[in-house]
Amino acid sequence: MTVETAATPLAPLLSGLDARLPGLLALYEDLHAHPELSFQEFRTAGVVAGQLRAQGWEVTEGVGRTGVVGVLANGPGPVVLLRADMDALPVKEETGLPYASTATGTDPDGNEVPVMHACGHDMHVTCLLGATAQLAAHREAWHGTVVAVFQPAEEVGGAPAMIEDGFLDRFPRAEVCLGQHVAPAPVGFVGTRPGPVMAASDSFRVTLFGRGGHGSSPETAVDPVVLAAAVVMRLQTVVSREIGPAQTGVVTVGSLHAGTKENIIPDSAELWINVRSTTPAVRDRILAAVTRIVRAEAVASGAPKEPEFTPLNSFPVTVNDAAATAFVQESLTEVLGEGRVFTLTQIITGSEDFGTFGTALGVPSVFWHFGGADPALYAGIDPASLLEDGLPDTVPANHSPHFAPVPGPTIPLGVTALLAAAAPWLTRTTTPGA
């Protein structure tokens with residue numbers, strides 16, 4: 001991807017980026033081939049810290065267990081926070097790429113699992129390290145202080161761990177927080193919106209109790225597998241029958257485990273449930289309905305004891321500050337061109353913990369998505385139509401074992417987007433909104 005910047009204030013910050021791209025590509029392929037699970041990003045954190053130090057940043061490691069924070073002070077001016085997440089997922093990669101992951105890791109339950117960067121966090125790290133390199137190399141082109149946050153464990157909510165580790169007191173207090181996520185949209189396009197941009201998420205484990213027995217004599221047992229099946233099916237009615245058509249909610253049972261053998265009725269079953277919502281009222285309604293259904297089905301099945309609910313993680317709604325988002329969209333359009341920066345028509349039902357930083361600091365946040373998919377996959381499709389029609393079925397989305405951004409054009413887009421988003425604060429004589 002070539003970004004035309006000659007006539008923009010951002011041009012000095014992007015000078016030399018083309019020469020840096022081969023190194024960034026090699027970095028991306030290395031990170032992709034060596035993914036690490038949440039709070040286990042030791043190698044990744046070491047790579048990040050080493051690169052930041054080589055660029056001249058002040059570096060702190062081990063923030064929130066495995067997080068890395070770089071600080072670069074460049075005279076008086078605003079403090080801007082730029083954030084990337086580092087963790088990967090327990091997914092077996094099926095991309096067929098020459099740098100595909102063959103890594104395994106140990107999940108929180110002690111199981112060995114395949115590990116893959118199926119959500120693009122390796123791209124996020126690469127792009128932020130590209131942006132930090134450009135900022136360090138061109139200090140004459142900006143002023144202020146940048147706090148580069150490489151966050152662990154986004155998939156399970158790692159941002160609060162950094163806040164709890166004294167983040168607010170240990171580092172310069174940002175005036176704006178900026179972050180991005182690679183998406184399966186065509187490379188070259190960026191989307192965001194003011195206000196709520198990503199949904200809240202609540203995940204929990206439900207243990208259903210039965211009474212074990214021989215598979216040949218089900219009348220002597222209480223079968224938790226049948227109970228679990230009834231719960232799964234009934235939960236599908238929560239959104240379709242209890243949430244209004246103009247509201248947004250999602251209920252997913254992502255895991256169901258029970259039993260060890262085909263002729264043994266187990267004495268328990270376990271469900272892992274995820275709920276997405278966009279307003280507090282919808283969230284409360286969905287969670288109440290899930291709880292009611294699980295308990296009622298247990299009673300209907302004659303379960304010997306009530307189900308147990310164990311929280312796993314929770315993410316708030318990601319909210320973009322309207323004024324700051326307008327400045328970011330204007331700057332992105334200035335450098336990427338008209339027709340490349342879209343205002344999303346609706347909230348994304350995926351979730352993020354990025355907003356934790358802005359909320360804790362009490363400052364505006366802006367989060368956007370940038371395309372990383374091969375444009376050939378969208379031949380004959382108007383990119384604007386994706387806002388209403390969604391992705392084609394043939395395009396692998398985040399968390400798919402086939403998800404893989406095309407790194408050549410995606411890396412410069414991600415670096416450019418970060419610098420462009422920060423530019424309204426770092427390259428102007430007055431802070432936006434001042």
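W425 is buried, with a relative accessible area of 4%, where buried means under 20%, exposed over 50% and partly exposed in between (1.4 Å probe, protein chains only). The structure is a predicted model, in which local features need pLDDT of at least 70 and side-chain atom pairs count only at pLDDT 80 or more, while totals for chains, interfaces and linings use all residues. Residues are numbered from 1 along each chain as its sequence is written, and side-chain values use heavy atoms, with hydrogens and water left out.

A search of the whole structure finds 7 aromatic pairs. Rings of Phe, Tyr and Trp (its six-membered ring) pair if their centres lie within 6.5 Å; planes under 30 degrees apart count as stacked, over 60 as edge-to-face and the rest as tilted. F204 and F309 have ring centres 6.3 Å apart and planes at 45°, so this pair is tilted. Because F204 belongs to strand β10 (residues 200-209) and F309 to strand β15 (residues 308-315), the pair ties together parts that are 105 residues apart in sequence. Helices (H or I, at least four residues) and strands (E, at least two) are DSSP runs, numbered from the N terminus. F204 is buried at 10% relative accessible area, whereas F309 is partly exposed at 27%. In the pair of F327 and W425 the ring centres are 6.4 Å apart and the planes stand at 75°, so the pair is edge-to-face. This pair also links distant parts of the chain, with F327 in helix α9 (residues 322-336) and W425 in helix α12 (residues 407-426), 98 residues apart. F327 is partly exposed, with a relative accessibility of 23%. One aromatic cluster is formed by F167, F171 and F357.

Charged side chains also sit over rings; the criterion is that NZ of Lys or CZ of Arg is within 6 Å of the ring centre and within 35 degrees of the ring normal. R65 lies over the face of F39, 3.8 Å from the ring centre. The charged end of R340 is placed over the ring of F189, at 4.6 Å from its centre.

An open sheet of mixed pairing is formed by 8 strands in the order β1-β2-β6-β3-β7-β18-β8-β17; two strands pair if DSSP finds at least two bridges between them. β1 (58-63) and β17 (341-343) stand at the edges with a single partner strand each, so one side of each has no neighbour in the sheet. The twist averages 25° from one strand to the next; axes are lines fitted to C-alpha atoms, for helices over the stretch in contact, and angles run from 0 to 180 degrees between N-to-C directions. β1 and β2 run antiparallel and are joined by 5 bridges, with V59 opposite G70 in β2. Their hairpin has 3 residues between the strands, and G64 there takes a positive phi near 65°. β2 is joined to β6 by 7 bridges, also in the antiparallel sense, and V71 stands opposite V147 in β6. Of the 8 residues of β2, 7 are buried, so this strand is largely enclosed by the rest of the structure. Strand β7 (residues 176-186) and strand β18 (residues 365-373) pair in the parallel sense over 8 bridges, and H369 in β18 is the bridge partner of H181.

Helix α4 (residues 121-137) lies across β2 (67-74), β3 (79-85), β6 (144-151), β7 and β18, at about 150° to β3. Helix α12 packs on the sheet as well, touching β3, β6, β7, β8 (190-192) and β18, and its direction makes about 160° with that of β18; contact means heavy atoms within 4.5 Å.

The largest nonpolar core has 63 residues, and those with the most contacts inside it are W57, L82, L135, F150, L178 and W368. Such a core is a set of buried Ala, Val, Leu, Ile, Met, Phe, Trp, Tyr and Cys residues joined through side-chain atoms within 4.5 Å. α12 gives the most to this core, with 12 residues. Leaving aside residues up to four places away in sequence, F150 touches V48, L52, G67, V68, A84, M86, V125, L128, L129 and M162.

A further open sheet has 4 strands in the order β12-β14-β10-β15, with antiparallel pairing. Its twist averages 15° from one strand to the next. β10 and strand β14 (residues 268-277) pair over 10 bridges, and F204 stands opposite I273 in β14. Helix α8 (residues 280-300) lies across β10, β12, β14 and β15, at about 165° to β14.
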